[in-house]
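Trainee: I have a structure to learn. Can we go through the terms and test each one against its definition?
Mentor: Gladly; here it is.

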Amino acid sequence: MQSWPAPTVPKLPGTGVPLRLFDTADRQVRPVSPGETATMYVCGITPYDATHLGHAATYLTFDLIHRLWLDAGHGVHYVQNVTDVDDPLFERAARDGIGWRELGDRETQLFREDMTALRVLPPRDYVAATDTVGEVVELVEKLLGSGAAYVVDDAEHRDIYFRADATEQFGYESGYDRDTMLRFFAERGGDPDRSGKADPLDALLWRAQRPGEPSWPASFGPGRPGWHIECAAIALNRIGSGFDIQGGGSDLIFPHHEFSAAHAESVTGDRRFARHYVHSGMIGWDGHKMSKSRGNLVLVSRLRADGVDPAAVRLGLFAGHYRADRFWSAEVLDEAQARLARWRQATALPAGPDATDVLGRVRHYLADDLDTPKALAALDGWTTDALTYGGADPSAPRLVADIADALLGVAL
């Protein structure tokens with residue numbers, strides 16, 4: 001599947017700082033220690049609607065990681081999926097009277113355009129679920145063969161489920177107790193009340209063919225993949241088990257990331273699917289989480305259509321820490337636009353204060369669990385000095401512009 005064009009990333013003097021990130025499973029900030037090539041899997045969109053700022057905040061978080069790895073001299077093998085076969089897609093397509101593939105293609109293209117405008121570095125592998133059904137079938141066959149999966153046959157449908165207790169470590173990633181797991185499972189696409197399951201928490205691997213739904217052939221009967229198994233198969237077949245980072249929004253911690261890890265671990269025998277689990281906070285509007293059901297989505301495409309500079313969107317989202325649940329508002333956007341204007345004014349000067357220390361501080365702050373508020377403050381400090389007092393270094397404005405571009409993705 002085609003991703004989107006890569007923006008040019010300036011090369012900064014020296015070498016970046018080793019990255020430390022909060023690990024969801026370990027509940028602490030610890031070093032990320034990739035090899036020559038860093039590996040990352042980030043869950044992509046279900047393309048039934050346009051990109052909102054909650055999506056943007058997630059992909060900007062992992063764009064920062066991508067940029068910091070490049071600055072530190074690593075190659076990056078980044079994989080992202082598109083869940084282009086799922087119930088929300090079918091429901092929206094039926095509501096709007098168009099084909100589900102047409103809807104998925106349309107919204108995926110809009111997502112590409114939003115990512116291009118936001119200057120997000122594209123994944124090396126951008127993978128549609130519908131292109132990997134054969135990989136899912138093979139993985140489900142292995143899970144059935146090992147006893148980690150079983151068939152629920154209610155005479156009408158022969159669905160396949162994963163045993164939540166198939167791995168001893170199940171639950172290590174989220175750290176949630178059973179009651180919390182059951183609540184999130186019911187709220188986030190699970191089916192705890194499905195009759196015939198060995199445990200209410202057992203997750204769907206393969207949904208047998210239903211009238212009016214797409215299906216693919218399989219040795220255990222035609223149907224389509226469950227949600228979690230898709231990501232497990234895509235990651236295993238492109239970067240393998242034990243990759244550096246599995247990432248997404250905090251709403252994916254359970255059940256999605258917990259189960260996709262467990263699916264893979266039950267096949268490979270590894271203790272951890274990923275070496276680091278990283279999750280970004282939720283973005284709200286008007287005092288609530290941004291969601292389609294509340295009708296309070298702020299769409300990236302709408303902001304662009306209204307003439308908002310995507311660089312200001314980046315700065316507005318970076319004004320808060322990536323792990324914090326936070327709110328977007330007109331005030332946040334106004335402050336981001338004002339900051340962008342000041343930075344551009346200062347970096348257009350013929351000379352400015354020495355910026356060597358600024359580069360070191362921005363690198364240090366971002367490497368410390370992506371502390372964007374401190375990184376922005378460091379650049380604000382240089383900007384204030386440049387606009388107030390001037391400076392004698394003709395190379396400083398260009399260096400500051402390159403810092404903002406290379407590390408924050410903000411083009412000045």
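**Terms put to the test**

Mentor: An open sheet here has three strands in the order β13-β12-β14, and its pairing is mixed. The edge strands, β13 (288-289) and β14 (326-328), each pair on one side only. Before we go on: this is a predicted model, so local features need pLDDT of at least 70 and side-chain atom pairs count only at pLDDT 80 or more, while totals for chains, interfaces and linings use all residues. Residues are numbered from 1 along each chain as its sequence is written, and side-chain values use heavy atoms, with hydrogens and water left out.

Trainee: How do you know that β12 and β14 pair?

Mentor: Two strands pair if DSSP finds at least two bridges between them. Strand β12 (residues 283-285) and β14 have three bridges, in the parallel sense. Strands themselves are DSSP runs of E, at least two residues, and helices are runs of H or I, at least four, numbered from the N terminus.

Trainee: What makes β6 and β7 a pair?

Mentor: The test is again the bridges. Strand β6 (residues 149-153) and strand β7 (residues 158-162) have five, in the antiparallel sense. Aspartate 153 has arginine 158 in β7 as its bridge partner. Four residues lie between the strands of this hairpin, where alanine 155 takes a positive phi near 80°.

Trainee: Why is α5 called roughly perpendicular to α7?

Mentor: Helix α5 (residues 178-187) and α7 pack at about 100°, with axes 9 Å apart. Angles of 65 to 115 degrees count as roughly perpendicular, under 35 as roughly parallel, over 145 as roughly antiparallel and the rest as oblique. So α5 is roughly perpendicular to α7. Axes are lines fitted to C-alpha atoms, for helices over the stretch in contact, and angles run from 0 to 180 degrees between N-to-C directions.

Trainee: Which residues of α5 and α7 meet?

Mentor: Met181, Phe184 and Phe185 in α5 meet Phe254, Pro255 and Phe259 in α7. Contact means heavy atoms within 4.5 Å.

Trainee: What makes α13 largely enclosed?

Mentor: Buried means under 20% relative accessible area, exposed over 50%, partly exposed in between (1.4 Å probe, protein chains only). In α13, 12 of the 13 residues are buried, so the rest of the structure largely encloses this helix. Its cover includes α1 (53-71) and α9 (310-318). Glycine 409 follows α13, with a positive phi near 70°.

Trainee: And how enclosed is α7?

Mentor: Largely, because 14 of its 16 residues are buried.
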